[in-house]
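The structure under discussion is shown below.

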Amino acid sequence: MSWTAGCRWRVWAPVLAGCVVALGFSGHLVTGTAHAEAPVAAPGIPDWGPILKPAAPQGLSPIALAQQMRAAIENVSPGTNPGIEVVDTATGTELASLNADSQFYTASVVKLLIAIDAADGQGGDPDPATAGQIRQMLSASDDSVADVLWDADGGDAIIDRMTALIGLPGTQPPDDPDQWGETRTTPRDIVTIYHYLTTAAPQPERDLVLGALGSINEVAADGTDQYFGIPAALPGTDWAVKPGWMSLDSSTTLNTTGLVGSTAEPLRYAVVILTSQPAGISWTTGGAALTAGVGVLRTTLGL
């Protein structure tokens, strides 16, 4: 994205690795590692449970846990502004939340919406050619495939369709219709996207997208190491994730999103960390900051 890895991006500043990580939800076993954040259910979409219940009395408050995650991130990458949302999808409990309704650039995380739109355009059960494109775009964060699907399906009209379908009040198309990675969204909206995938998407679409997210290539199509954040912080867990990274003149975007869980409870947690980091920071340092933030969750989630 520069974009490097995972977005049609302009090459302006040093390339960084950005990730979105997805956490595991019950009913789907995808090997990997992930984080995600708490969603607000869209009309007509079944709940994961009573979403956004208070955290368990014996645990840290969502704000306190998120502040620990923020401190870990800023210790590695000073000056970073993070947005965090972590939800236990089995109980609907919000475990961590910080800037959950603030907008951040998606970078390659927007490929989730491009994939859902492409599948939805074929009734939720895409033909083999389209399914192959979706799988390649997600697992390798392949920008060239994203470019093709973005242009073929109407560009920023994709964002308008998906915000209406899923219910994403904090998501808006890019100012420049050619720069899909500059779509803006919130941590809460990303959790809602994972909620949609696991509870409302047609089964063929669900299996295709989560399968691709659960088997992402360690090295993306553009050569970036995309195993930062959830996969690096939670080894040995089951995950389905989408990272994102992008470099601009004024800031660096690195995101980790997804679903994560244990073998006994696959994809139970939705974890989302979106960040705006200082311009010029290396992908290695920026990615390590996300890994440190997700690492705080290991004890809390029992992973």
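A salt bridge is taken here as a side-chain nitrogen of Lys or Arg within 4 Å of a carboxyl oxygen of Asp or Glu. The model is predicted, and nine salt bridges are present in the structure.

**Salt bridges**

- Lys111 and Asp143 form a salt bridge with an N to O distance of 2.8 Å. This pair joins distant parts of the chain, with Lys111 in helix 2 and Asp143 in helix 4 (residues 143–152), 32 residues apart. Both Lys111 and Asp143 are buried.
- In the salt bridge between Asp117 and Arg161, the closest N and O atoms are 2.8 Å apart. Because Asp117 lies in helix 2 and Arg161 in helix 5, the pair ties together parts 44 residues apart in sequence. Asp117 is buried, at 5% relative accessible area, whereas Arg161 is partly exposed at 36%.
- Arg268 and Glu265 also form a salt bridge, at 2.6 Å from N to O. Arg268 is buried, with 14% relative accessibility, while Glu265 is partly exposed at 38%.
- A network of salt bridges links Glu85, Glu94, Asp101 and Arg188.

**Helix 2 and helix 5**

- Helix 2 (residues 111–120) packs against helix 5 (residues 157–167) at about 80°, and their axes are 10 Å apart; helix 2 is therefore roughly perpendicular to helix 5.
- The residues of this contact comprise eight nonpolar, no polar and three charged.

**Helix 1 and helix 9**

- The axes of helix 1 (residues 62–76) and helix 9 (residues 283–295) come within 7 Å and cross at roughly 155°, so the two helices are roughly antiparallel.
- The crossing is right-handed, and the contact has seven nonpolar, two polar and no charged residues.

Notes
Residues are numbered from 1 along each chain as its sequence is written. This is a predicted model: local features need pLDDT of at least 70, side-chain atom pairs count only at pLDDT 80 or more; totals for chains, interfaces and linings use all residues. Side-chain values use heavy atoms; hydrogens and water are left out. Axes are lines fitted to C-alpha atoms, for helices over the stretch in contact, and angles run from 0 to 180 degrees between N-to-C directions. Helices (H or I, at least four residues) and strands (E, at least two) are DSSP runs, numbered from the N terminus. Angles under 35 degrees count as roughly parallel, over 145 as roughly antiparallel, 65 to 115 as roughly perpendicular and the rest as oblique. A crossing is left-handed if the near helix is turned anticlockwise from the far one by less than a right angle, and right-handed if clockwise. Ala, Val, Leu, Ile, Met, Phe, Trp, Tyr, Cys and Pro count as nonpolar, Asp, Glu, Lys and Arg as charged, and the others, Gly among them, as polar. Buried means under 20% relative accessible area, exposed over 50%, partly exposed in between (1.4 Å probe, protein chains only).
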